[in-house]
Amino acid sequence: MSGSGKGVDDLLSSYDANGFYDELFGSASKPASHTEAVKDRLRQLQYDDLRRRASDAERELYNLGITFLVYSDAKAVDRILPFDVIPRIIAAKEWAHLEKGVQQRIAALNMFLHDIYHDQHVLKDGIIPAELVLGNANYRPQMQGITLPFKTYIHIAGVDLVRDHEGTFRVLEDNGRVPSGVSYVVENRHMMLRAFPDLMGDIGLRNVENYGAKLLEAMCEIAPPRADVDSYDPQVVLLSPGAYNSAYFEHIFLAREMGVPLVEGRDLAVIDDKVYMKTTGGLRRVDSIYRRIGDDFLDPKAFNPDSLLGVPGIFEAYRKGNVALANAIGTGVADDKAVYAYVPRMIKYYLGEDALIPNVDTHICREPDALQYTLDNLDKLVVKPVGEAGGYGITIGPRASKAELEECRAKLLEDPANYISQPMVPLSVCPTLTEEGIEPRHVDLRPFAITAKSTWVLPGGLTRVALKKGTLIVNSSQGGGSKDTWVLTEGGEAETEPVADDSTDPFHTQSQSQSQSQ
Amino acid sequence: MAALLARYAECIFWMARYMERAENLARILDVHETFARDSFGSTNWLPILRLNADEKRFFELYPTASVKNVLNFYVLDQNNPTSIIAAIASARENARQLRPLISTEMWAHLNMFYNRLLALEPATDLAQHNIQRLCASIKEACQTHTGITEGTFFRDQGWYFYQLGRNLERADQATRVLDIKYHTLLPSPRDIGTPIDISQWNSLLRSAAGYHAFRRVYPRGMTPAAVAGFLLFNDNFPRSVLVCMREVDSLLNRLNSKYRLRRGTLPLERSDELLGNLSNQTIESVISVGLHEYLDGLQINFGKLSNDIAQAFFLIDEPGTLSA
């Protein structure tokens with residue numbers, strides 16, 4: 001294997017980011033000075049030592065069962081999310097900007113959701129085409145007129161960011177339904193603390209330890225008031241589809257971090273529009289539910305009647321304000337690909353501000369000029385259908401055959417409103433340990449935000465890395481892995497960071513992620 | 001006080017049962033291989049198949065009850081629900097659901113244990129000279145699980161259900177192993193007083209780690225009645241049916257009083273009755289009625305008790321069970 005016997009120093013000296021913005025080195029015009037301390041320490045390591053520690057870390061992930069289930073040959077197999085030990089580092093100032101940008105975006109999306117489920121000013125004022133919202137498969141008319149605590153709909157958000165060749169962060173998409181991956185953020189940090197104490201000591205990192213506590217706090221804030229009990233301590237639960245869900249590890253992780261029961265649909269019952277869980281001592285009232293089940297499967301009485309995962313009658317309990325759900329029902333309309341294109345306008349409309357983190361340039365093909373531009377530049381653009389999730393139906397112009405481009409053109413002309421197009425974003429890279437040595441690999445970033453009364457953003461987020469050479473695909477199902485994400489503290493002061501004992505699973509729920517790379 | 005999800009209670013109960021089952025089976029196979037040889041130095045594995053009345057299923061899968069076949073059937077055959085690997089797989093599946101509740105160490109150990117079993121090769125690991133080593137390592141892994149659980153599992157309701165499962169399974173296994181030996185142990189006129197006779201008794205006691213304890217109580221002599229009586233009714237032997245059932249009864253009592261699980265009276269009544277019966281029995285009176293019939297009766301009662309526990313704590317459906 002290349003690099004064996006060498007020092008990391010040698011490997012970094014011959015490292016070449018191939019013209020992409022590099023997360024460790026920056027670019028010629030924008031060098032990354034904040035990573036000096038870490039680079040120095042990396043240089044002192046031996047490559048073989050780095051590899052050994054990396055393989056120890058992966059084995060530990062497997063033994064701890066920090067895995068997700070994949071199904072092959074009708075058998076469920078535990079896989080770990082490959083973990084790369086070279087961290088991705090974000091400067092304090094840069095993070096402060098991202099944090100504000102995420103908060104701004106979540107604020108606008110929540111105002112948008114409250115609006116469309118009430119008076120629909122945004123539609124009446126023509127900011128967003130009404131049919132785009134009301135005709136959207138994820139718009140839930142049942143939510144009309146229901147007012148939620150703090151008018152918050154998206155309590156847990158994962159905003160997918162990419163960094164372009166100029167080093168500018170851009171939003172690639174919003175995940176406002178059931179975003180996953182946060183458990184890896186915490187577990188990756190634990191792993192680094194165990195495997196590389198020498199790399200991170202005294203560096204001054206923002207800690208990621210308190211996500212569970214923040215989530216529980218939010219779940220309690222939104223719990224409906226109860227007059228029938230004296231000292232009210234809301235019963236929070238996490239509702240999971242069960243042990244065979246690919247993200248089950250994350251459900252476990254979050255339930256443990258919050259110290260609440262992880263329940264399945266069969267553990268809950270609705271009686272007189274109130275939700276109960278089945279305990280050894282009988283039925284017990286539930287006040288607030290962090291649900292990891294999609295809208296469709298949540299309640300066979302209100303939505304998909306074939307769902308066996310859900311809880312019959314839970315929507316009615318929710319509608320009557322007897323139980324809180326996070327996220328709210330009907331948030332899918334806000335993270336839709338077509339609606340995404342309007343988010344900057346939404347921010348302007350509701351907040352009177354410009355978006356702090358820009359979108360990737362998006363051409364909304366329902367608009368004639370945008371359609372023409374898209375048709376004229378088909379071979380340079382990524383064309384995405386708006387209604388599909390999981391990267392289906394996407395055409396990547398620069399990589400498509402002539403026939404594929406023609407097929408795409410025909411579809412565009414047939415139903416332009418169903419498509420958007422975007423330029424290929426030259427995603428930033430980060431030095432990554434590979435079979436070939438230390439090589440640049442493309443990364444993205446998914447910060448996680450929790451909102452009840454106000455929005456809190458976990459410092460950093462999940463850095464996903466495309467482990468295959470040259471590919472932009474960071475999805476776990478396509479050979480993607482993850483890295484620890486280090487947000488530096490302002491003055492380089494270390495925050496106290498307790499080492500906890502636990503462990504998680506990735507993000508199959510909503511893998512629209514690096515959509516241009518599908 | 002924190003409530004315990006009924007499904008979790010059920011998973012804990014069964015995780016403990018499966019671990020105990022695996023340990024008992026490893027003990028039986030180990031001891032059988034070592035001590036249960038006849039005067040020609042060979043072992044007869046047929047009686048082992050009577051442990052769970054497995055003969056029919058076994059002969060559907062294997063042509064003969066050879067050492068190799070029986071060991072494969074009981075250790076590595078995932079198609080056999082009564083194999084060790086099946087028990088560990090079930091324990092792990094329960095543990096997977098319990099991960100929000102059990103310690104990371106419990107899960108990690110069980111996960112590694114299962115993966116280790118999966119990696120075993122029948123040709124080498126089940127070869128005769130490796131059997132003892134394999135059984136010993138399985139037994140030790142089960143004991144490690146017990147130790148980790150003792151040292152890390154939070155002592156709330158969940159702990160009670162864990163101990164309930166463990167003790168009920170242990171009592172049940174004790175009756176089963178005694179029952180299969182019953183036929184072979186009753187000395188035939190030919191064997192009385194021969195070395196084989198003695199080694200069979202050793203085998204039974206050793207599979208329950210009871211040989212030395214037995215010697216402490218009965219320094220001299222060894223009769224079928226004394227061994228059976230020891231395994232059923234001894235007051236202090238941790239694997240005797242009486243000690244296990246005393247523990248079960250006390251756990252059910254504490255669940256009722258400490259956690260006020262009002263539905264717990266049904267299993268408690270049955271357990272009180274069972275315990276009363278065990279406490280007032282002598283092995284002589286049991287044998288005069290028929291040991292096999294008595295053991296059969298116990299197993300039926302353990303089954304009923306297990307059902308009562310499920311009814312009381314695991315199956316919470318009726319609106320009548322509303323609590324605060």
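This is a predicted model: local features need pLDDT of at least 70, side-chain atom pairs count only at pLDDT 80 or more; totals for chains, interfaces and linings use all residues.
Student: Which strands pair with β11(A)?
Tutor: Strand β6 of chain A, residues 236-239, runs parallel to β11(A) and is joined to it by four bridges. Strand β12 of chain A, residues 324-326, also pairs with β11(A) in the parallel sense, over three bridges.

Student: OK, and which residues touch the most other members of the largest nonpolar core?
Tutor: A:Leu238 again, together with B:Ile12, B:Met15 and B:Ala22. That core has 249 residues, and the element that gives the most to it is α1(B), with 17 residues. In soluble globular proteins, nonpolar side chains tend to be buried together.

Student: Switching to the interface. How many residues does each chain bring to the contact?
Tutor: Chain B brings 25 residues and chain A brings 23. On the chain B side, the elements giving two or more residues are α1 (6-35), α5 (84-98) and α6 (104-118).

Student: Which of those gives the most?
Tutor: α6(B), with five residues.

Student: And what's the makeup of that side by class?
Tutor: The side of chain B that touches chain A has 15 nonpolar residues, six polar and four charged.

Student: What scores does the predictor give the complex?
Tutor: An ipTM of 0.88 and a pTM of 0.89. For chain B, the mean pLDDT is 88, with 89% of its residues at 70 or more.

Student: Where does pLDDT stay under 50 in chain B?
Tutor: Over residues 320-324. The model has nine contacts beyond four places in sequence for that stretch, so I'd read those alongside the pLDDT, given that pLDDT is the predictor's confidence in each residue.

Student: Give me the big picture on chain B. How many helices and strands?
Tutor: Chain B has 16 helices and zero strands. Of its 324 residues, 45% count as buried. Taking contacts in chain B between residues at least 6 apart in sequence, 70% join residues at least 24 apart.

Student: Now B:Gly303. Where is it, and is it buried or exposed?
Tutor: B:Gly303 is in helix α16 of chain B, residues 291-314. B:Gly303 counts as exposed because it has 12 C-beta neighbours inside 10 Å, and the cut-off for exposed is 12 or fewer.

Student: How far is B:Gly303 from B:Val241?
Tutor: Their C-alpha atoms are separated by 14 Å, and the two residues are 62 apart along the chain.

Student: Last one, A:Glu94. Which helix is it in, and why does it count as partly exposed?
Tutor: A:Glu94 lies in helix α4 of chain A, residues 92-116. A:Glu94 has 17 C-beta neighbours inside 10 Å, so it counts as partly exposed; buried would take 20 or more.

Conventions
Residues are numbered from 1 along each chain as its sequence is written. Chains are lettered from A and ligands numbered from 1 in the order in which they are written. Two residues are in contact if their C-beta atoms, placed from the backbone, lie within 7 Å. Ala, Val, Leu, Ile, Met, Phe, Trp, Tyr, Cys and Pro count as nonpolar, Asp, Glu, Lys and Arg as charged, and the others, Gly among them, as polar. Two strands pair if DSSP finds at least two bridges between them. pLDDT is the predictor's confidence in each residue, from 0 to 100. A nonpolar core is a set of buried Ala, Val, Leu, Ile, Met, Phe, Trp, Tyr and Cys residues joined through C-beta atoms within 7 Å.
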